[in-house]
Amino acid sequence: MTHTPTIADHPLLPRIEQALDGIRPYLAADGGNVRVLDITDDMVLQLELLGACGTCPMSPMTLKAGVEESVKKAVPEIRSVQAINSTPMAEQPAGQTGHPLPPTPVPTPEF
């Protein structure tokens, strides 16, 4: 019987989890979290966005600027970080497509 390696057996996982633990409090403050799904053969870390992170319009930026930078700093072997369940900004409920409308001026009362 052969043993099929799982993500739990990956030698980089402890270092990756330690890096993620450093940013999890910030994600949790906004109701979110991440879970490691896989590390591909070409060293791409695949994550699942949990809680509010799954639908937040800032998730792509948080993933690249926060999560990916933290992981790559702690584990330089990782080439990139990818969210498997990330919803493109245009499809997110809070996302906005096109250009925003200019603010409507509020009339100043006369005294």
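A pocket, as the term is used in these legends, is an open set of points on a 1 Å grid over the protein atoms alone, with protein on both sides within 12 Å along at least five of seven lines, and its lining residues have an atom within 4 Å of a point. This is a predicted model, in which local features need pLDDT of at least 70, side-chain atom pairs count only at pLDDT 80 or more, and totals for chains, interfaces and linings use all residues. Residues are numbered from 1 along each chain as its sequence is written, and side-chain values use heavy atoms, with hydrogens and water left out.

**View 1. The largest pocket holds about 170 Å³ of space.** Its lining consists of 14 residues, with Leu27, Asp30, Cys53, Cys56 and Thr62 nearest the centre. Two or more lining residues come from each of helix H1 (13–29), strand S1 (32–39) and helix H2 (59–74), and H2 gives the most, with four. Helices (H or I, at least four residues) and strands (E, at least two) are DSSP runs, numbered from the N terminus.

**View 2. Strands S1 and S2 (residues 44–51) run antiparallel and are joined by seven bridges.** Two strands pair if DSSP finds at least two bridges between them. Valine 34 has leucine 49 of S2 as its bridge partner, and in the hairpin, where four residues lie between the strands, methionine 43 takes a positive phi near 65°.

**View 3. Confidence along the protein averages a pLDDT of 79, and 75% of the residues score at least 70.** The pLDDT is the predictor's confidence in each residue, from 0 to 100. Among the elements, H1 has the highest mean (92) and H2 the lowest (87).

Terms used: On a 1 Å grid over the protein atoms alone, a cavity is a set of points where a 1.4 Å probe fits but cannot get out, and a pocket is an open set with protein on both sides within 12 Å along at least five of seven lines; lining residues have an atom within 4 Å of a point. Grid points are joined across faces, edges and corners, and a volume is the space filled by probe spheres set on the points.
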